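Me: I'd like to learn how to read a few local features in a protein model. Could you take me through them one at a time?

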Amino acid sequence: MKPRNVKQVIVMRKDLNMRKGKMIAQGAHASVDALLSLFSRTEKEGKVTYRLTYGEDSPLAEWLNGMYAKICLYVESEEELVSLYERIRKENPSIPVSMIEDAGLTEFHGVETKTCIGIGPWWSEEIDIFTGELKLL
């Protein structure tokens, strides 16, 4: 049996024309937030603990034991970003997906702004159903 590929996808809003450093920071937020959604989080006496909630045959285990494949794609608007996010959550809620909203302190004139989403790590063919038509950033 051929092994399944696993990847994480970051989808960025291109219409915002973010500085490169800002774009990288937002993508990093999306990557980490989507990854952490695969762990259970507990807090006790001010200490936060994360525990893996998926088994050894999971996409997460495959990704962590592999090359941490990431793909960066883009959309042209907030509407496209939100639509993609909501579609994934509705049609395949198993796929971890995280919306990043910037506080607007440095680049968006004090306006909270949805900048990107993180998808996965998850099975590539399941992510591609949603992102296969998007272009590389």
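Reply: Helices (H or I, at least four residues) and strands (E, at least two) are DSSP runs, numbered from the N terminus. This is a predicted model, where local features need pLDDT of at least 70, side-chain atom pairs count only at pLDDT 80 or more, and totals for chains, interfaces and linings use all residues. Residues are numbered from 1 along each chain as its sequence is written, and side-chain values use heavy atoms, with hydrogens and water left out.

Me: Let's take the backbone. Which residues does a cis peptide bond join, and what is omega there?

Reply: As background, most residues other than glycine have a negative phi, and most peptide bonds are trans. Here Gly-120 and Pro-121 are joined by a cis peptide bond, with omega at about 20°. Pro-121 belongs to strand β6, which covers residues 113–123.

Me: And where is Glu-45, the residue with a positive phi?

Reply: Glu-45 sits in the loop between β2 (39–44) and β3 (47–52). Its phi is about 55°, although Glu-45 is not a glycine. Tyr-68 also has a positive phi, near 55°, and is likewise a residue other than glycine. You'll find Tyr-68 in the loop between α2 (59–64) and β4 (70–75).

Me: Is Glu-45 buried or exposed?

Reply: Buried means under 20% relative accessible area, exposed means over 50%, and partly exposed is in between (1.4 Å probe, protein chains only). With a relative accessible area of 78%, Glu-45 is exposed. Tyr-68, at 43%, is partly exposed.

Me: How many aromatic pairs does a search of the whole structure find?

Reply: A pair of aromatic rings is described by the distance of the centres and the angle of the planes. Rings of Phe, Tyr and Trp (its six-membered ring) pair if their centres lie within 6.5 Å; planes under 30 degrees apart count as stacked, over 60 as edge-to-face and the rest as tilted. The search of the whole structure turns up 1 aromatic pair. Trp-63 and Tyr-68 have ring centres 5.2 Å apart and planes at 65°, so the pair is edge-to-face. Trp-63 itself is buried, at 4% relative accessibility.

Me: Which ring does the charged end of Arg-4 sit over?

Reply: The rule is that NZ of Lys or CZ of Arg must be within 6 Å of the ring centre and within 35 degrees of the ring normal. Arg-4 has its charged end over the ring of Trp-123, 4.1 Å from the centre. Lys-14 lies over the face of Tyr-74, with 4.2 Å to the ring centre.

Me: What about salt bridges: how many are there?

Reply: Side chains of opposite charge can pair when their charged atoms come close. To count as a salt bridge, a side-chain nitrogen of Lys or Arg must be within 4 Å of a carboxyl oxygen of Asp or Glu. By this rule there are 10 salt bridges. One of them joins the side chains of Arg-13 and Glu-78, at 3.6 Å from N to O. Arg-13 is in strand β1 (residues 6–13) and Glu-78 in helix α3 (residues 78–91), so this pair ties together parts 65 residues apart in sequence. Arg-13 is buried, with a relative accessible area of 6%, whereas Glu-78 is partly exposed at 31%.

Me: Where do Glu-91 and Arg-87 lie?

Reply: Both are in helix α3, 4 residues apart, about one turn of the helix.
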